[in-house]
Amino acid sequence: MSTEASSTIARVLKPTILALIAIVAISSRLFSIIRFESVIHEFDPWFNYRTTQHLVKNGFYDFWNWFDEKSWYPLGRVVGGTVYPGIMVTSAIIHNVLHYFNFPVDIRNVCVFLAPMFSGLTSFSAYLLTKELKDSSAGLLAAAFLGVAPGYISRSVAGSYDNEGIAIFLLVFTFYLWIKAVKTGSAFFALWTALFYFYMVSAWGGYVFITNLVPLHAFALLLMGRFSNRLYVSYSTFYAVGTLLSMQIPFVGFQPTRTSEHMAALGVFGLLQLYAFAELIRGYVTPKQFKTLVKTGISAVAAIAVIGLTVLSYSGVIAPFTGRFYSLYDTGYAKIHIPIIASVSEHQPTAWTSFFFDLQMLIFLFPAGVYLCFRELKDEHVFVILYSVFASYFAGVMVRLMLTLTPIVCVAAAIAYSTLLDTYLERADHVLASNLKGPLTRSDETPAASGVTESKPKKSSGKSAAKAQELEAKAAASKGAVGYLSGERKRVPILNWDSRMMVIVQLTWFLFMFAWHCTYVTSGSYSSPSIVLASRQQDGSQMIIDDFREAYYWLRKNTHQDAKVMSWWDYGYQMAGMANVTTLVDNNTWNNTHIATVGKAMASSEEVAYDVLRRHDVDYVLVLFGGVIGYSGDDINKFLWMIRIAEGVYPTEVKESNFFTPRGEYKVDHEASSTMKNSIMYKMSYYRFAELYGGNAVDHVRGVRMPSEGPTLSVLEEAYTSEQWLARIYKVKNLDILGRDLKDATSFEKGRARKTSVIKRK
């Protein structure tokens, strides 16, 4: 087949393969729709969905100035100034465009399918990025890997309407544009890098990863002696335009100039300006004068920078690192100082099994790909190495950041896998004649690799070059080594077709196993919405547990419009979105004191808790209890975090040690401490639980037998319990009309009811 025919086939096949990869990426994220229904998942997506509804209904101006009175009662929340609006604006634009062309698609379906649709774009971005690093074959593999990798699917299934649904596409595409800008030195690509960086800033708080990784790459190239006009133009354009654009997001504001997380980018920008200025004046002074000038300049700049940063930090102009940032370097920091961060499951350190679960075979191809980047070590490969090292570390200390590791793992694994295929699919005659580049000396570096000069090397005469090659070949042969031939070393030939076939079959088998693993994990573990649970009955049939939506529907239909509902912050977004009630706290977690107050109420006795409930105008209290069906994510298992957060703000009123037995055990059965048994969390969870089993109740989560007589309630009354007892809602009693203590009034009513029942039996 001629070269022209092969090129034509490749031009047709590549778009076709990319389209098929996008279809597979989208389809693999639809299991949740097939198994359940088109519904918003998890917790945070419900807030995003609610705000998107408001944006579509009332317009952008009203959304930008929206004050939400139904959250964080009685404080409220300024929505426009406390959100990353990227995902809401994207959905609203898609919805309006579809309606403009007379496609009457509901905004809910746009939100449900947004993340799967962007996964196809993410695969295409991975193709472009990897193509810049190696070739189009590796790019196609990277696109396929990222399209089905569980580490990315976990946050992009249908219904997962969270910021990461579009942010990973923006992350990968921004990195592609940055690599393109550095390779070409084009201000055009640098400008597009800044524009997509702005889009990323508007979409996800993880933009800080780009803010620090790009300047780190520029700084590393500077230390390696690879400063060039390409690097200067690319970074200066990116930083200047990107920083100004990012400051237009109200939630970000002046953070790029006033927070420690952004100082590295500013420092590298200043360093590049000084380096460029030094290169400029180098041609106007003698080498001795230049050396003296550089020494003086470095000392002066270093002193000014240290003094300036110190003064600005102590004066409060530059804010210190946040607690979330410190927890990335000290995994025990949050548990001691900021328990609300440590209480979130996705902020926990990543288990080793999670790497294999989310990446499968990519985890052992990943180091091989990074090694191959070390062998080439061009400017773009330095970026891959830095990305790999830092993303691996951050993914190890926080399970949520597995999401940022997955793209580079797919890219590096594709480079390694493609290299293996290139090696073992070559014809034998071609392999015997093929050569690999040997290590370059300083004089051999090309302008693109060194970045120091843009001038082309002079060509030597044909005779002298031939003579040098002959002498070099003889020297290598006399030493008995593989040797160098014209600066290249021969590859070890692979002659036997059976050896090559064995490797190809194994590589193909790995691909099949990878595809099977990704399908299994996606369909089972990552396609179950948290608001709808599924279990298997004894006969093997599936049982759907819909207690969450039952409870929220009850609240929506049976409470007045201004009803205030207190619960732990995990369920705030869902209640506001589905039940349309006013909540005290939610998943924004911006006010630790307010959350600690809710924790204090849950951990206190009825008398103390009732005072908190009345002061906050609470009408209903919702708790989750999984003791009946074995749901381990209930509030009793989260109770220790409520206690710790409350103790941080109210250390004299709530003490964690009081909730443990004398032996230091966390018990809920007859051995439970008196403080535990008297807390309203314990009472609301186990109220009437013993009656359900005729006095012989067993908590199927904790695996313990409960006392035959359960707790009683005085200030709360049961309003609703879902079918599987998963969601329990209690109404806060009003003050007694006779002025009695509610406990005495309840005891009186119980005694009166008991007396009436005895008389009736007689």
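This is a predicted model: local features need pLDDT of at least 70, side-chain atom pairs count only at pLDDT 80 or more; totals for chains, interfaces and linings use all residues.

Reader: How many helices and strands does the protein chain contain, and what percentage of its residues count as buried?

Author: The protein chain has 35 helices and 13 strands. Of its 762 residues, 48% count as buried. Among contacts with a separation of 6 or more, 71% join residues 24 or more positions apart. The accessible surface is about 37400 Å², and carbon and sulfur atoms supply 61% of that area.

Reader: What span should helix α26 have, and which of its residues are buried?

Author: Helix α26 covers residues 497–524, and at 1.5 Å a residue its 28 residues should span 40 Å; the end C-alpha atoms lie 40 Å apart, in agreement. As a general idea, an α-helix has 3.6 residues a turn, so residues three or four places apart point the same way. In α26 the buried residues include R500, I504, L507, F514, H517, C518 and V521.

Reader: How is a pair of packed helices described?

Author: Two packed helices are described by the angle between their axes and the distance between the axes. Here, helix α6 (residues 107–133) and helix α9 (residues 164–184) have axes that come within 8 Å and cross at roughly 20°. Angles under 35 degrees count as roughly parallel, and α6 and α9 are therefore roughly parallel to each other. The crossing of α6 past α9 is left-handed.

Reader: Which residues meet where α6 and α9 are in contact?

Author: The α6 side includes L114, F118, L121 and L128, while the α9 side includes I168, F169, V172 and Y176.

Note on methods
Residues are numbered from 1 along each chain as its sequence is written. Side-chain values use heavy atoms; hydrogens and water are left out. Helices (H or I, at least four residues) and strands (E, at least two) are DSSP runs, numbered from the N terminus. Buried means under 20% relative accessible area, exposed over 50%, partly exposed in between (1.4 Å probe, protein chains only). Contact means heavy atoms within 4.5 Å. Accessible areas come from the Shrake-Rupley method with a 1.4 Å probe; for residues, only the protein chains shown count as cover. The expected span of a helix is 1.5 Å times one less than its number of residues. Axes are lines fitted to C-alpha atoms, for helices over the stretch in contact, and angles run from 0 to 180 degrees between N-to-C directions. Angles under 35 degrees count as roughly parallel, over 145 as roughly antiparallel, 65 to 115 as roughly perpendicular and the rest as oblique. A crossing is left-handed if the near helix is turned anticlockwise from the far one by less than a right angle, and right-handed if clockwise.
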